[in-house]
Amino acid sequence: LDTLEKWVTEIFSEIPNNGLPKPSFGHLTQPFDTPEFHKLYRVVPIRKVHSLTITWALPPQEQYYRVKPLHYISWLVGHEGKGSVLSFLRKKFWALALYGGNGETGFEQNSTYSIFSISVTLTDEGYKHFYEVAHVVFQYVKMLQRRGPDQRQAIWEEIQKIEANEFHYQEQTDPVDYVENLCENMQLFQKEDFLTGDQLLFEYKPEV
């Protein structure tokens, strides 16, 4: 560590600090509140695949990284067991796979908005009924909204434990990629969370 610290000091100490706060674009609210966004777009794929993607533009969520509400919602939406959206769609022979969430990249999560998407891989039959598939997805999201998270702390704690296990037993990554990731985390999280802020769940707050 002493050697590494010496190298870092030698290499980076000459970089000037302009003392300016990091830029914020939080005043640019509702970037997707346009007629173009509230539409259904049909895209002809190059390969033979049927996919339905529903995308919501939400208020910025990056400040809630200790709670990770979008990760929690994606866990419920992506569940494949009894009573899940995918289980229902498979029984109808309409879908092969379903996943939802936020990629936590700069495009999908920033100080202006956060994106949440649900993507369904459809069968040929499902493609014929994609309006009904979309309706089922919206019904499920509405049900989650109506019931609220109050009775689901056990699910949140389950996610928390799984993410903690993955963090503690993760494989060693390329040092360059690791440092790059840490530098990005330094722009997003409090100092004590630089190493863990993008992976661990810290606080259960149902109101968030």
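User: Which term describes Asp-124 by its accessible area: buried, partly exposed or exposed?

Analyst: Buried means under 20% relative accessible area, exposed means over 50%, and partly exposed lies in between. In this predicted model, Asp-124 has a relative accessible area of 46%. Because that value falls between the two cut-offs, the term for Asp-124 is partly exposed.

User: Which domains does the domain assignment give, and how far apart do the C-alpha centres of domain 1 and domain 2 lie?

Analyst: The assignment for the chain gives domain 1 as 25-146 and domain 2 as 150-207. Between the C-alpha centres of these two domains, the distance is 22 Å.

User: How much area do domain 1 and domain 2 bury between them?

Analyst: The size of an interface is often given as the accessible area lost when the parts come together. Here twelve residues of domain 1 are in contact with 19 residues of domain 2. Carbon and sulfur atoms carry 57% of the buried area, and the area itself is about 1500 Å².

User: How many salt bridges are counted between domain 1 and domain 2?

Analyst: Side chains of opposite charge can pair when their charged atoms come close. By the salt-bridge rule, the count for the model comes to seven. Between domain 1 and domain 2, the count is two.

User: Which helix supplies the largest share of the side of domain 1 that touches domain 2?

Analyst: Across the interface of the two domains, nine residue pairs are in polar contact. Helix H2 (69-77) and helix H5 (130-147) each supply at least two residues of the side of domain 1 that touches domain 2. The largest share is four residues, and the helix that supplies it is H2.

User: What is the make-up by class of the side of domain 1 that touches domain 2?

Analyst: This side of domain 1 includes residues from H2 and H5. By class, it has seven nonpolar, one polar and four charged residues.

User: Where in the chain is Glu-80, and which residue meets its side chain in a salt bridge?

Analyst: Glu-80 is in the loop between H2 and H3, and its partner is in helix H3 (residues 85-91), ten residues apart. The side chains meet at 4.0 Å, N to O, and the partner is Arg-90.

User: Which residues do salt bridges that share partners join into one network?

Analyst: Arg-66 forms a salt bridge with Asp-193. The side chain of Arg-66 also meets that of Glu-203 in a salt bridge, at 3.0 Å from N to O. Through shared partners, the residues joined into one network are Arg-66, Asp-193, Glu-203 and Lys-205.

How values were computed
Residues are numbered from 1 along each chain as its sequence is written. This is a predicted model: local features need pLDDT of at least 70, side-chain atom pairs count only at pLDDT 80 or more; totals for chains, interfaces and linings use all residues. Side-chain values use heavy atoms; hydrogens and water are left out. Domain bounds come from an automatic or database domain assignment. Contact means heavy atoms within 4.5 Å. Buried area is the accessible area (1.4 Å probe) that two parts lose on being put together, summed over both. A polar contact is a pair of N or O atoms within 3.5 Å; within protein, one must be able to donate a hydrogen and the other to accept it, and residues adjacent in sequence count only if both atoms are side-chain atoms. Ala, Val, Leu, Ile, Met, Phe, Trp, Tyr, Cys and Pro count as nonpolar, Asp, Glu, Lys and Arg as charged, and the others, Gly among them, as polar. Buried means under 20% relative accessible area, exposed over 50%, partly exposed in between (1.4 Å probe, protein chains only).
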